Amino acid sequence: MNDSAINVTGASLDTCLLPLKHIIALIPINLLSIVVGTIGNALVIGTVYANASLRIISNYWLASMSVADLMVTAIGQPLLVAFWALQVDGECNKPVSETFRVIGNMSCSASVLHLCFISVDRCLLVARPLDCKKIRTMRRFKIALFIAWVIPVIYGILRMTISKRVTSYFTVIASALCYVTIISCYIVIIIKVWTRKTENLRTAVTSHAGQSASRLVEQRVTVTIAIVVVVFTICWVPLMYLRSARAGSNVGIAYNWARTVALSNSALNPWIYCFRMAEFRSAYKKLLGCGRNRPNKASSRYELKRSRSS
């Protein structure tokens, strides 16, 4: 089959411009993202549900984001893979494409918006530790969670009913605002963490062991923040650039590769946000039935205390 001569029925010509060699390359990458992301996000949801000690606002945000990411990896990406697979036989299946667009737009926007809310939530925990319990009430959390899901649903509908050019520009602007919010929150977190470290060193209140433990925590927080910012930037900036540069036509080889990278962010999120947390790792082992013969009671008490303080 000639790669440039894919037959198109019932859809615009530029919808099926992917050469066969790119389809063959894209499908395995997306399949890997589907497997890794579905397992990771399902683990996060199951862990929060099964462990009472993890049922706090911070982890509710993570579980809710995992639901959005699970929609991407378990529903959205399989539809995209099916759409590409059908192109091998020269078919451009519009119903599959449109279904993917609806689910993909809603779930991806929900995931990005959750990242934004999680950044604000963690910034409050670090910047306002004494007032955060008054600010972070369950009622306010439910309102924010409602917003985090309603806006993506509205966006998904508008994306299908309004011109691509208008919604593409809106997507770029909204994503830029979320990105600035995420970066700003993590800058505040880094400043607060290292300021407290300096104050502790000056006053010499903490013991040497306490300072060592504090430095380890600070380094871990800093590394996690760096990973979050770098991965989010790598995954989403290429797609946002293409949506602004080609606002009226979100198709083509470059766009599909950029879309694959952006979708893969949903597979990476549970590994970045949860698998680096000791309390989640312990809960994963418990959920999967691992490590039953060697329980660490001291560690368990520490993790329980730490999770409740969040």
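This is a short tour of the structure above, stop by stop.

**Before you start**

The model is predicted, so local features need pLDDT of at least 70 and side-chain atom pairs count only at pLDDT 80 or more, while totals for chains, interfaces and linings use all residues. Residues are numbered from 1 along each chain as its sequence is written, and side-chain values use heavy atoms, with hydrogens and water left out.

**Stop 1: the whole chain**

Show the chain as a cartoon. It has 10 helices and zero strands. Helices (H or I, at least four residues) and strands (E, at least two) are DSSP runs, numbered from the N terminus. Along the sequence the pattern reads α-α-α-α-α-α-α-α-α-α.

Of the 310 residues, 42% count as buried. Buried means under 20% relative accessible area, exposed over 50%, and partly exposed in between (1.4 Å probe, protein chains only).

Now think about contacts, meaning heavy atoms within 4.5 Å. Take those between residues at least 6 apart in sequence: 80% join residues at least 24 apart.

**Stop 2: α2 and α3**

Select α2 (57–88) and α3 (residues 94–127). The axes of α2 and α3 come within 8 Å and cross at roughly 155 degrees. That makes α2 roughly antiparallel to α3. Axes are lines fitted to C-alpha atoms, for helices over the stretch in contact, and angles run from 0 to 180 degrees between N-to-C directions. Angles under 35 degrees count as roughly parallel, over 145 as roughly antiparallel, 65 to 115 as roughly perpendicular, and the rest as oblique.

The crossing of α2 and α3 is left-handed. A crossing is left-handed if the near helix is turned anticlockwise from the far one by less than a right angle, and right-handed if clockwise. By class, the contact of α2 with α3 has 22 nonpolar, eight polar and three charged residues. Here Ala, Val, Leu, Ile, Met, Phe, Trp, Tyr, Cys and Pro count as nonpolar, Asp, Glu, Lys and Arg as charged, and the others, Gly among them, as polar.

Now pick G76, in α2. Is G76 buried or exposed? G76 is buried, with a relative accessible area of 2%. Leaving aside neighbours within four places in sequence, G76 is in contact with M71, F100 and I103. G76 and L263 are 187 residues apart in sequence, yet 8.8 Å apart in space, C-alpha to C-alpha.

**Stop 3: α3 and α5**

The axes of α3 and α5 come within 8 Å and cross at roughly 150 degrees. This crossing is right-handed. On the α3 side, the contact residues include E98, R101, M106 and F117. On the α5 side, they include A144, W149, P152 and M160. The contact of α3 with α5 has 15 nonpolar, four polar and three charged residues.

**Stop 4: α3 and α8**

Show side chains: F100, C108, S111, L115, I118 and R122 in α3 meet R259, L263, N265, S266, N269 and Y273 in α8. These divide into six nonpolar, four polar and two charged.

Zoom in on N269, in α8. N269 is buried, with a relative accessible area of 2%. Not counting residues up to four places away in sequence, N269 touches M65, D69, S111, L115 and C274. N269 and N41 are 228 residues apart in sequence and 8.2 Å apart in space, C-alpha to C-alpha.

**Stop 5**

Which residues touch the most other members of the largest nonpolar core? Select L62, W84, Y186, W236, Y273, C274 and F280, out of 63 core residues. A nonpolar core is a set of buried Ala, Val, Leu, Ile, Met, Phe, Trp, Tyr and Cys residues joined through side-chain atoms within 4.5 Å.

Click C274. Apart from neighbours within four places in sequence, C274 is in contact with V44, L62, N269, F280 and Y284. In α9, A278, E279, F280, A283 and Y284 are buried. Just after α9, G289 takes a positive phi of about 80 degrees.

**Last stop: S244**

Finish in α7, at S244. At 28% relative accessibility, S244 counts as partly exposed. S244 touches Y169 and V172, not counting residues up to four places away in sequence.
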